[in-house]
Amino acid sequence: MVDSNKSSGPPEETPSHNPNGNVPSESDLALDEITEKVQESLGLEKRHKFWESQPVGQFKDLGDTSLPEDPIEAPTPLSEVKQEPYNLPTMYEWITCDIDSDEMCTKVYNLLANNYVEDDENMFRFNYSKEFLRWALRPPGYFKSWHIGVRVKSSKKLVAFITGVPARIRVRDEIVTMAEVNFLCVHKKLRSKRLAPVMIKEVTRRVHLENIWQAAYTAGIIIPTPITSCQYWHRSLNPKKLIEVGFSRLGPRMTMSRTIKLYKLPESTVTPGFRKMGLHDVPAVTHILRNYLSRFVVAPDFSEHDVEHWLLPTEGVIDSYVAESSKTHEITDFCSFYTLPSSILGNKNHSTLKAAYSYYNVCTKTPLLQLMNDALIVAKQKEFDVFNALDVMNNDTFLKELKFGPGDGSLHYYLYNYRIRHTLKPSELGLVLL
Ligand SMILES: CC(C)(COP(=O)(O)OP(=O)(O)OC[C@H]1O[C@@H](n2cnc3c(N)ncnc32)[C@H](O)[C@@H]1OP(=O)(O)O)[C@@H](O)C(=O)NCCC(=O)NCCS
C-alpha cells in the first residue's frame, strides 16, 4: 500500500503538488502534521468506527508508557476462529485469486491499474505489472487463500481485492510471524460503502486460520495508530519528462537546460567490483543484510530463501547490485530497487512514468552516498524517469546530497495486534513494504 504518487519538486524546483508551495524540508515537519491530525481525530467522536474496534494501538493510548510492548490480544484456539467467510452484500461473492493463472492475474492487474492508489490531484495512478504482482504475492511459504477477491456473482467481474503474504518481522528482540497486508482496492464505483472493513476482516480471519496473529501494513492515510510516518523523496532522472507531465515543476530561476544539467549523472558507475547480483551471492548478501537490519527497531528477519526471492534480480521487477572486492572476492556492499510505474492520467504525450523505488541497501566498505549514486546511474541507464526513496533506515544520509527532493505526502506504517510504546523515527525502521 505504498502511496508515493505524491510528487513535489526537488529543492531547486517549485513543488507541483503542494498548494501552499511549501517544501517540507525536515521529516520533523511531517511528524508535527501527524500529531495535529491525530489531535483533530481525538476531538471527533467515532472518527474510526472500524479501527477503534480492532486490536491496534489507539490514539488515546499514544504516549502511555505504562502499556506493555506486546501483542494486544492473545491468540484464540484455532477451533474458535470463524470458519466461514464474512457476509457480503448478496450481489457479491468471495473468490480466492489464483495468481498463477494468467487470466486471473490479468483481472487483478486490470482492477488495480484502473482503481488503485492515485496522488491527491489524480494525475498519476500506480501501475503494478503482472510480473510484479506475481513476485509480490508468492514469497516463500505464501498462502493462496490470502489472495482475496470480491466479484459480482452474475457477471463475475472482479470489484475488490486484498492480499497478505507471510513474513517474519523482528520488533526489538522479538521475531514475530506476521502477514504483510497489501493491495487493498475497492472499485471506484463501490467506494464509501464500508466494503474495506469487510475485506480487512476477511483477510484477518484467513491469517488467523494459519495461526498467525499479527500484521504489518502501510497507508497514505492516518488511522489508529502509525508506528512511524515516513516521507518519500524523489530524484529526477529524466527532469524534462517529469516537468512535462506535471510530476515536478521548473524552479523560479531555472531553465530547462540548467535543470537537465543539474540532474545529469555520469555514464558509468564508480564503485570497484559493482555488478548485478547473482544466485551465488545470496549467502553473502543475506549475511550483510541481516547484520545491517539488526540495527533497526522494526525490520524483516530475512533467511537466504527470502533474500533469493525478494532480492535476486527479476527483469522489470527487482534490480540488485553488489560490490565485490577484487582481492578477497568478498561482497562488501549491496543496493536494490524495485520497478513500479505509474500511469500518467490525461497527458497527450506520455502514458507511463517509469519509477524505481529504493529497496534495501547495505554498505560495509563503500560510502552509502557513492553506492546510491551508482544505483541512480544504473537506474538512469535502464531509462527510469525518477528514483524514489523513503527516509527509512540510513537513507536520510544521502537524500539531500544526491539531489532528492521531498514529496508532499506521508507513508504511515502500522502493526496489527502489536503495540509499540513510542512512535518510531523513520530512521529506526528497517522495513520496506511494496
Ligand atoms: C482504500 C479503499 C479500499 C477504501 O475503501 P472505501 O470505499 O474508500 O472505504 P470504506 O467505506 O469501504 O471503508 C472505510 C473504512 O476503511 C478504512 N480504510 C480506508 N482506507 C484504508 C486503508 N488504506 N487501510 C486501512 N483502512 C482503510 C477507513 O479508515 C474506514 O474505517 P474507519 O471508519 O475505522 O476509519 C478505497 O478507497 C480504494 O480502493 N482506494 C484506492 C486504493 C488505495 O488507496 N488502497 C489503499 C492503499 S494504502
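The legends below describe views of a predicted model.

**View 1. Overview of the chain.** The predicted chain contains nine helices and 17 strands. Of its 434 residues, 43% count as buried. Among contacts in the chain with a separation of 6 or more, 76% come from residues 24 or more positions apart.

**View 2. Packing of helices α7 and α8.** Helix α7 covers residues 282-293 and helix α8 covers residues 304-311.

**View 3. Residues at the contact of α7 with α8.** On the α7 side, the contact is made by Val 282, Pro 283, Val 285, Thr 286 and Leu 289. These residues meet Glu 304, Val 307, Glu 308 and Leu 311 of α8. Sorted by class, the contact has six nonpolar residues, one polar residue and two charged residues.

**View 4. The open sheet β2-β12-β13.** Three strands make up this open sheet, in the order β2-β12-β13, and their pairing is antiparallel. The edges are taken by β2 (124-126) and β13 (352-353). Each edge strand has a single partner strand, so one side of each is left without a neighbour in the sheet.

**View 5. Pairing of β2 with β12.** Strand β12 spans residues 342-344 and pairs with β2 in the antiparallel sense. Three bridges connect β2 and β12. Phe 124 has Ile 344 in β12 as its bridge partner.

Notes: Residues numbered from 1 in each chain as written. Predicted model: local features only at pLDDT ≥ 70, side-chain atom pairs only at ≥ 80, totals over all residues. Axes fitted to C-alpha atoms, helices over the stretch in contact; angles between N-to-C directions. Helix = DSSP H or I, 4+ residues; strand = E, 2+ residues; numbered from the N terminus. Contact = placed C-beta atoms within 7 Å. Nonpolar A, V, L, I, M, F, W, Y, C, P; charged D, E, K, R; others polar. Pairing = 2+ DSSP bridges. Buried ≥ 20, exposed ≤ 12 C-beta atoms within 10 Å, placed from the backbone.
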